[in-house]
Amino acid sequence: MVEKSNYLNNTLNIFTLLNIKENLVNQKLKNHKKINIKKIWNCVQNPEINSSEIKEILTNKYLTNIFYEIMRETSSFYFPKAKAAATNSPTRKCKEFEITSFSSKKNPHIFYIKLKFLVTIDKKLKYLYVGKNNNFVSKELPGMINNEFQFMLNSDDNFFTLLQDPDTEIFIR
């Protein structure tokens, strides 16, 4: 919901958060791999590349909280959990952007998603991420035209399901 324009300040805040939580640097996961703060940071920087490691991180509640906190602080735009009930079409609106959807007239299982920015965007945005608890997925954004992105999703797509859920957080990077 808030544009993250002061990247240096955000980065310093993140490292402060990480230093506070340093007493639990290594958490053992189910397969006895160790995940530390550096690995979480690397996963946040490239979630679409590190999806298997993210799944491991999200099996641990403590690491999940750290992962989502870093995502909130480093995303260009963020929309928190919605306060309204779920609807058949995902609609999220804040002062920086809005996400709307409408079903195809030819196929009711296909939805067109429109991500429209209400502010001027001066940087390239590549991914839209949605996450809730241990479910985190990404969508590569197509080219932006007139300050908006448009793409299609199938109604049974996990991304679409999460986008409808009011408890899902949205991150744009």
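**Pocket lining and helix crossing**

Visitor: Which element gives the most to the lining of the second largest pocket?
Guide: This is a predicted model, where local features need pLDDT of at least 70, side-chain atom pairs count only at pLDDT 80 or more, and totals for chains, interfaces and linings use all residues. Residues are numbered from 1 along each chain as its sequence is written, and side-chain values use heavy atoms, with hydrogens and water left out. Helix H3 (51–57) and strand E8 (135–140) each supply at least two lining residues; helices (H or I, at least four residues) and strands (E, at least two) are DSSP runs, numbered from the N terminus. With 4 residues, the most is given by E8.

Visitor: How do the residues of that lining divide by class?
Guide: The lining includes Pro-47, Glu-48, Lys-55 and Phe-136. Ala, Val, Leu, Ile, Met, Phe, Trp, Tyr, Cys and Pro count as nonpolar, Asp, Glu, Lys and Arg as charged, and the others, Gly among them, as polar. The division is 5 nonpolar, 4 polar and 2 charged.

Visitor: Is H2 parallel or oblique to H4?
Guide: The axes of H2 (residues 37–45) and H4 (residues 61–74) come within 10 Å and cross at roughly 45°. Axes are lines fitted to C-alpha atoms, for helices over the stretch in contact, with angles from 0 to 180 degrees between N-to-C directions. Under 35 degrees counts as roughly parallel, over 145 as roughly antiparallel, 65 to 115 as roughly perpendicular and the rest as oblique. H2 is therefore, relative to H4, oblique.

Visitor: How many charged residues has the contact of H2 with H4?
Guide: Contact means heavy atoms within 4.5 Å. Among the residues making it are Trp-41 and Gln-45 of H2 and Phe-67 and Thr-74 of H4. The contact has 10 nonpolar and 2 polar residues, and of charged ones, none.

Visitor: Where does Asn-133 lie?
Guide: Asn-133 is not a glycine, yet has a positive phi of about 55°. Its place is the loop between strand E7 (127–132) and E8.

Key: On a 1 Å grid over the protein atoms alone, a cavity is a set of points where a 1.4 Å probe fits but cannot get out, and a pocket is an open set with protein on both sides within 12 Å along at least five of seven lines; lining residues have an atom within 4 Å of a point.
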